[in-house]
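Hi,

Here is the structure I said I would pass on.

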Amino acid sequence: MDAWNAVTARRQVRSFTDETIADDVLHRILEAGRRAPSSRNSQPWDLVVVRDREQLERLSGVWRGASWITGSAATVAIVLPVGDDERSRTMMRFDAGQLAVQMMIAAAGFGIGSGQTACEDQPLAREVLGLPADRECASLIALGYPADRPLRPISKPSRRAFEDVVHFDQWQGMET
């Protein structure tokens, strides 16, 4: 799938088939994340890939409503240092977001669905993932083949109209 089709096919997937992801494909998705841009090329992240069902079951407890990750072929934890100050935490989270989107678009290019969830219970995440105290789980990306329907470009997405979202040169539109 070309880049534009991967972008327009990517959607939040929360139900997966039992099909495993080939190691070479998983490695390419992870490599896409590793190559994501970061502030001053700091690359503050580490990635922990979880495929074990029992571990996925425990990991699903880090966020209320994340039980669907247990059905993924693999879930990737984006791990960041615990920032010293608000500015560094903000920059690292922005960088982690770029990494996440890059991996999810790469996955879509292979026909692999993805779904992202936050991580609230840091002590549980540290325990399940074996993280040291100076690291935290920023988010989780579940990967797998969609159970409901294959990924394909969505021609009429449920999104605000282009002209309502995009403003050229200055803000235009109704006051809120």
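First, a term: I call a residue buried under 20% relative accessible area, exposed over 50% and partly exposed in between, using a 1.4 Å probe and protein chains only. Keep in mind that this is a predicted model, where local features need pLDDT of at least 70 and side-chain atom pairs count only at pLDDT 80 or more, while totals for chains, interfaces and linings use all residues. Residues are numbered from 1 along each chain as its sequence is written, and side-chain values use heavy atoms, with hydrogens and water left out.

Cysteines to begin with. Cys-137 is buried at 1% relative accessibility, and Cys-119 is buried too, at 11%. Searching the whole structure turns up 0 disulfides.

Now the sheet. Helices (H or I, at least four residues) and strands (E, at least two) are DSSP runs numbered from the N terminus, and two strands pair if DSSP finds at least two bridges between them. There are 4 strands in an open, antiparallel sheet, ordered β1-β2-β4-β3. The edges are β1 (46-50) and β3 (113-118); each has a single partner strand, so one side of each lacks a neighbour in the sheet. On average, neighbouring strands are turned by 25° against each other, direction ignored. Angles here run from 0 to 180 degrees between N-to-C directions, with axes fitted as lines to C-alpha atoms, for helices over the stretch in contact. Strands β2 (residues 74-81) and β4 (residues 135-144) run antiparallel and are joined by 8 bridges, and Ile-78 sits opposite Ser-139 in β4.

Two helices go with the sheet. Helix α4 (residues 86-109) lies across β1, β2, β3 and β4, at about 160° to β2. Helix α2 (residues 23-34) packs on the sheet and touches β1, β2 and β4, contact meaning heavy atoms within 4.5 Å; the direction of α2 makes about 155° with that of β1.

A closer look at α2: which of its residues are buried? They are Val-25, Leu-26, Ile-29, Leu-30, Ala-32 and Gly-33. Their cover includes β1, β2, α4 and β4. On the face turned away from that buried side, α2 carries the exposed residues Asp-24, His-27 and Arg-28.

Cheers

Methods
Disulfide = S-S within 2.5 Å.
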